[in-house]
Amino acid sequence: MSEMNKKRTRISLLAMAVASGTVLAGYAASAGTDAGATAGADATAIAGSAKVRTLPIEQYLPTPAEFAKLSQAGGQLQQKCMQGLGFASFQAPEQAPADPRETFTDLRYGTVDAAQAARSGYKPEFANSARTAKAGGASAAAADGPAPSGAVEPVLSDAEWLAMTGTTKDVGDTAKAKQAAPSQVQGKDLPPGGCIAESARTLTGGGEKLYADLAQDINGQSYKESLKDPRVTKVFASWSACMKGKGYSYKDPMQANDDPKFAVPTVSAEEIAVASADVACKNKTKLVDVWHAAEAEIQQKMIDAKANEMGPIKKAKQTALANVR
C-alpha cells in the first residue's frame, strides 16, 4: 500500500496519533505498571480461561481503551482546528468505545479461550472482521497492528484534506510533498502538518506521534523473532504432537488458525472441534506461557537497545493520557 493510501484509510480518528506519516498501530493493552516487572506476569482473568498477558511495549503504545479516549479527544481538537480554518460544518465522527475484552495480546498467540472456541471456533466475538480476514491470520494481525476504527470516516474535499494533513491528495505525505504543499487554506495559515499534527502536539505537549514507528516496529519484530526462538519452536512441536493425537495435522497454532477452510463467515462444527483441540493442547503444553515469556524477553531487549529513543515515546503517551484526564 502506498504512503498516501495508508494515510487515506486513517484520515480521521486514527490519524490523530500521527504527525503525517503512516500508521500501523500495534494492539495495546494494560498499562500503568513497570514494564520490566510485569513483562511475564498474568493479570486479571477475562473471558473463560483467557488471561491478560502484558508485554513491555505496552508502556509505549496506548491500550484499546486509551486509544478510544485519545481518538475522541483528538477528534474534538481536529474539529476545533478545522472550524478555525473556516470549515464551519466539519464534524469529527464519533469514536466507538473499546471492547473491554480486547487486549494487547488478543489473538497474538492464537485462540486461548476454551469457552469461546466452543462457541465460535477461530472467530472470537470481539474480533474485528478486518483483523481476522487480514492476510497472515489473526496472530499475525495482532502483531502487525489493528484495523482502523469501525467509526465512519468523513469524505474530505481537497481543501479539507489539505487542512487536515498539511499535504495534498495527489502527492501524499513525503517530505518533498510537504514542502510543495500550500501553506495556507482559505486564506488562513496552516499549522505544520495540518490539524492532525496540531491535535497530536496539543495532546502530547509538543510531540506529533503517539503510535511511534519505532514502538510499532519493535511490537511487530519481537513477534516475528519469537517464532524462531528455540523455546517456542520446541513447544510448537509438543503442541503439534498433541494435535496429532487428536486427529489433526498442523505444525503450529498459526497454521490451524489460518486454515483456509475456516476463512468463511460461518463457523462450522469442524472449526469448533479444531479450535477446541487447539486450546486444549495449548493448555497441556503450556504453549502460551512459554511463547509469551520468550517474546517478552526478546521485546525488552529490543526496547533496552533503543532506550534513548523509547524514553520520549513513553513520555508522549503518559502526557497525552494525563491531558485527556
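Trainee: In which helix is Ala 117 found, and why does Ala 117 count as buried?

Mentor: Ala 117 is found in helix 4, which covers residues 114-120, where a helix is a DSSP run of H or I with at least four residues, a strand is a run of E with at least two, and both are numbered from the N terminus. Ala 117 has 0% relative accessibility and therefore counts as buried, since buried means under 20% relative accessible area, exposed over 50% and partly exposed in between, with a 1.4 Å probe and protein chains only. This is a predicted model, in which local features need pLDDT of at least 70 and side-chain atom pairs count only at pLDDT 80 or more, while totals for chains, interfaces and linings use all residues. Residues are numbered from 1 along each chain as its sequence is written, and side-chain values use heavy atoms, with hydrogens and water left out.

Trainee: Which residues are in contact with Ala 117, leaving aside its neighbours within four places in sequence?

Mentor: With those neighbours left aside, Ala 117 is in contact with Thr 111, Ile 272, Ala 275, Ser 276 and Val 279, contact meaning heavy atoms within 4.5 Å. The C-alpha atoms of Ala 117 and Ala 273 are separated by 8.3 Å, although these residues are 156 residues apart along the chain.

Trainee: What makes Thr 266 exposed?

Mentor: The relative accessibility of Thr 266 is 57%, so Thr 266 counts as exposed. Thr 266 has its place in the loop between helix 12 and helix 13, and, apart from neighbours within four places in sequence, Thr 266 is in contact with Lys 123 and Glu 271.

Trainee: How do you know that helix 9 is mostly covered?

Mentor: Helix 9, residues 194-204, has 9 buried residues out of 11, among them Gly 194, Cys 195, Ile 196 and Arg 201. The cover over the buried residues of helix 9 includes helix 3 (64-84), helix 7 (158-165) and helix 15 (307-324).

Trainee: Why is helix 3 called oblique to helix 9?

Mentor: Helix 3 and helix 9 pack at an angle of about 125°, with their axes 9 Å apart, the axes being lines fitted to C-alpha atoms, for helices over the stretch in contact, and the angles running from 0 to 180 degrees between N-to-C directions. Helix 3 is therefore oblique to helix 9, because angles under 35 degrees count as roughly parallel, over 145 as roughly antiparallel, 65 to 115 as roughly perpendicular and the rest as oblique. Among the residues that meet there are Leu 70, Ala 73 and Leu 77 in helix 3, and Cys 195, Ile 196 and Ser 199 in helix 9.

Trainee: Which residues have the most contacts inside the largest nonpolar core?

Mentor: That core has 37 residues, and those with the most contacts inside it are Ile 57, Trp 291 and Met 310; a nonpolar core is a set of buried Ala, Val, Leu, Ile, Met, Phe, Trp, Tyr and Cys residues joined through side-chain atoms within 4.5 Å. Among the elements that give two or more residues to this core are helix 10 (213-226), helix 13 (269-285) and helix 14 (287-305). Apart from this core lies another, of 15 residues, including Met 82, Leu 85, Phe 87 and Met 164.

Trainee: How many residues of the protein chain count as buried, as a percentage?

Mentor: Of its 325 residues, 51% count as buried, and the chain contains 15 helices and 4 strands.
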